[in-house]
Amino acid sequence: NYATSDILRDGRTLHIRSIRADDKQLLQESWQALSKQSQYFRFFTPKDELTEGDLVYFTEIDLVNHVGLGASIFSDDAEVPVGVGRYISSDVGSNASAEIAFVVGERYQGLGIATILLRHLVLIARAQAITEFTALVLPENTRMQSVLRKSGLPMKQDINSAGVLEITLSLT
């Protein structure tokens, strides 16, 4: 049950917590509020809504091999979800690698949310002996490339045969 707060670039408080099984509706509503471009950047294909299988996969997580963090702010006394960051590893332990992914609502991009989520995921991953993160990023997704580049973590980057950037961040 990871829960913490951080400060956004505009001074507002960002609340970060582990994603729970009861977040399915919240996740679906947040997904539907995203632009088609943000949805495409996340899955590399058009996806208007998350299937029931997607919702189970993204919310019923073990918080060891699959860690998901939701980020929200309070606006007019209501909690507003603004982003999600996660990593998935097939094998936590010595020299383990995990794939990371983020999505932040357009209205909240540029406030440092993905950067904050990445920082918290790094803390959790290091405690699980994960030594590197990998990210698959479309070449036109320059914002995500910038988040990863500015993380301060040693970074390698290659383009795979599908033309997708494979970015590796060292956590050691």
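The questions below concern helix packing and strand pairing in this predicted model.

Q: Why is helix 1 called roughly perpendicular to helix 3?
A: Helix 1 (residues 24–32) and helix 3 (residues 52–59) pack at about 115 degrees. Angles of 65 to 115 degrees count as roughly perpendicular. Therefore helix 1 is roughly perpendicular to helix 3.

Q: What else describes this packing of helix 1 and helix 3?
A: Their axes lie 10 Å apart. Helix 1 passes helix 3 in a right-handed crossing.

Q: What makes residues of helix 1 and helix 3 count as meeting?
A: Contact requires heavy atoms within 4.5 Å. On the helix 1 side, K24, L27 and Q28 take part. They meet E52, L55, V56, F58 and T59 of helix 3. By class, this contact has four nonpolar, two polar and two charged residues.

Q: Why do strand 1 and strand 2 count as paired?
A: Pairing takes at least two bridges. Strand 1 (residues 3–7) and strand 2 (residues 13–18) have five bridges, in the antiparallel sense, so they count as paired. One of the bridges joins D6 to L14 in strand 2.

Q: What lies between strand 1 and strand 2 in their hairpin?
A: Five residues separate the two strands. In the turn, G11 has a positive phi of about 95 degrees.

How values were computed
Residues are numbered from 1 along each chain as its sequence is written. This is a predicted model: local features need pLDDT of at least 70, side-chain atom pairs count only at pLDDT 80 or more; totals for chains, interfaces and linings use all residues. Side-chain values use heavy atoms; hydrogens and water are left out. Axes are lines fitted to C-alpha atoms, for helices over the stretch in contact, and angles run from 0 to 180 degrees between N-to-C directions. Helices (H or I, at least four residues) and strands (E, at least two) are DSSP runs, numbered from the N terminus. Angles under 35 degrees count as roughly parallel, over 145 as roughly antiparallel, 65 to 115 as roughly perpendicular and the rest as oblique. A crossing is left-handed if the near helix is turned anticlockwise from the far one by less than a right angle, and right-handed if clockwise. Ala, Val, Leu, Ile, Met, Phe, Trp, Tyr, Cys and Pro count as nonpolar, Asp, Glu, Lys and Arg as charged, and the others, Gly among them, as polar.
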